[in-house]
Amino acid sequence: MVTKLGRGRCGAHLSLIFTVEDDSERLENQGSLGAGICVEDGVEVVARGEDGSGNLNVNFLEREGDSGLYEDVLRELCLAIPDLNEFDWELNVKLELPTSQGFGMSASGAIAAAISFQRAIGSPHEESLRRSFLIAHLVERMRSSGLGDTTALAAGGVERRLSAGSPYSGPLLDNGPGESEGWSVGTPILICWNERTGTHTSNYIDDSEWKGKICDAGRKEMSSLGKGEWGPKRWLDLIECSNSFARDSGLKNDAKRSEILNRVEDIISSLPEREEFSALLCMLGESVTIVPKNFENNGDFFKVLAPLLESSGLTAIISRVGFAS
């Protein structure tokens with residue numbers, strides 16, 4: 001019996017500013033303009049295949065997830081690589097952050113799973129990586145679970161999305177309609193959230209009223225954030241525009257986001273380092289990321305802050321801005 005093994009990994013994405021660009025009938029042209037932060041923590045997937053007929057069993061380690069997401073990934077992959085149907089597959093999925101909290105975990109999981117399947121059968125690295133982003137983008141749009149996370153993750157680091165759509169498309173998997181760019185110096189950040197499940201993304205992006213408010217606020221911020229060179233000198237611009245977007249879109253005061261943000265800001269304000277850090281809402285969860293205003297800060301403050309946040313009833317982890325491609 002032939003056994004195939006493959007591993008895939010993808011960091012998460014904290015969406016800070018976004019628009020809803022879903023008018024096109026072609027899923028690869030739908031997506032989002034905006035900006036956010038890709039982080040090291042995310043999803044790791046190990047695929048094990050044995051001779052069979054394309055069945056899939058999904059096991060979640062540490063945190064619960066949605067097996068339907070991974071079933072959709074395999075189904076879409078099989079359309080491009082029919083040989084995958086010759087095996088029965090087992091996926092072991094490690095979720096390092098919770099789902100439905102604004103961390104882009106469905107995109108991360110879809111990318112990691114697609115990579116693991118293709119590595120298991122020996123697909124070329126660059127080809128399989130590009131196909132993974134395309135498949136994840138298509139699945140995200142079919143499920144209304146995300147808009148621009150895959151395009152953001154293709155750039156990595158501190159990213160901005162300048163045009164909507166999949167980063168790769170077409171039979172040659174060349175550049176798609178989605179355009180993004182990122183930079184990183186590995187800045188430490190702190191992520192915290194309420195353990196209860198957040199509001200599903202589709203509740204916002206499929207609602208015409210929310211869509212209008214989000215698009216107006218997102219396009220306003222990207223009219224300035226989308227211009228000029230993108231690099232460390234724009235870090236404070238991102239912080240300022242993220243706060244403006246959360247306020248102007250109305251998302252700050254929805255789903256008790258202001259409650260968690262106020263709780264975090266109250267704790268930060270009680271500490272001597274309060275002027276050196278900023279708390280930003282992650283879209284679209286009940287979660288906050290705390291970032292240093294100086295992107296070269298070493299993050300030692302987070303070792304003091306994290307226990308204080310946890311004592312207030314939140315879950316907190318120290319992460320780091322991920323690699324930029």
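**Contacts, core and pocket**

Colleague: How far does the backbone oxygen of E275 lie from a polar atom of the side chain of K293?

Modeller: Leaving aside neighbours within four places in sequence, K293 is in contact (heavy atoms within 4.5 Å) with W235, L236, I239, E275, E276, F277 and S278. Between E275 and K293, the backbone oxygen of the former and a polar atom of the latter's side chain are separated by 3.4 Å.

Colleague: What pLDDT do local features need in this model?

Modeller: Residues are numbered from 1 along each chain as its sequence is written, and side-chain values use heavy atoms, with hydrogens and water left out. The model is predicted: totals for chains, interfaces and linings use all residues, side-chain atom pairs count only at pLDDT 80 or more, and local features need pLDDT of at least 70.

Colleague: Is K293 buried or partly exposed?

Modeller: K293 is placed in the loop between β11 and α9 (301-311), where helices (H or I, at least four residues) and strands (E, at least two) are DSSP runs numbered from the N terminus. Buried means under 20% relative accessible area, exposed over 50%, and partly exposed in between, with a 1.4 Å probe and protein chains only. Because its relative accessibility is 36%, K293 counts as partly exposed.

Colleague: With which side chain does the side chain of E44 make a polar contact?

Modeller: E44 lies in strand β2 and, at 22% relative accessibility, counts as partly exposed. Leaving aside neighbours within four places in sequence, E44 is in contact with R7, G8, R9, N92, V93 and K94. A polar contact is a pair of N or O atoms within 3.5 Å; within protein, one must be able to donate a hydrogen and the other to accept it, and residues adjacent in sequence count only if both atoms are side-chain atoms. At 2.6 Å, the partner of the E44 side chain is the side chain of R7.

Colleague: With which side chain does the side chain of E21 make a polar contact?

Modeller: E21 is found in the loop between β1 and β2. Beyond four places in sequence, E21 is in contact with N29, Q30, G31, S32, L33, A164 and R219. The polar contact of its side chain, at 2.8 Å, is with the side chain of T19.

Colleague: Which residue does a cis peptide bond join to M283?

Modeller: Both residues of this bond are among the contacts of F18 when neighbours within four places in sequence are left aside. Omega is about 15 degrees, and the residue joined to M283 is L284.

Colleague: Is L173, which has a positive phi, buried or partly exposed?

Modeller: L173 lies in the loop between β6 and β7 (174-175), and its phi is about 50 degrees although it is not a glycine. Because its relative accessibility is 7%, L173 counts as buried.

Colleague: How far apart in space are Y168 and A246, C-alpha to C-alpha?

Modeller: Y168 is placed in strand β6 and counts as buried at 16% relative accessibility. Leaving aside neighbours within four places in sequence, its contacts are R130, F133, L134, L173, D174, N175 and G176. Y168 and A246 are 78 residues apart in sequence, and their C-alpha separation is 29 Å.

Colleague: What is the volume of the second largest pocket?

Modeller: On a 1 Å grid over the protein atoms alone, a cavity is a set of points where a 1.4 Å probe fits but cannot get out, whereas a pocket is an open set with protein on both sides within 12 Å along at least five of seven lines; lining residues have an atom within 4 Å of a point. The second largest pocket is lined by 22 residues, with C10, G11, F133, L153 and F323 nearest its centre. Elements giving two or more residues to this lining include β1 (3-18), α3 (125-143) and α4 (149-155). With grid points joined across faces, edges and corners, and volume taken as the space filled by probe spheres set on the points, the value for this pocket is about 430 Å³.
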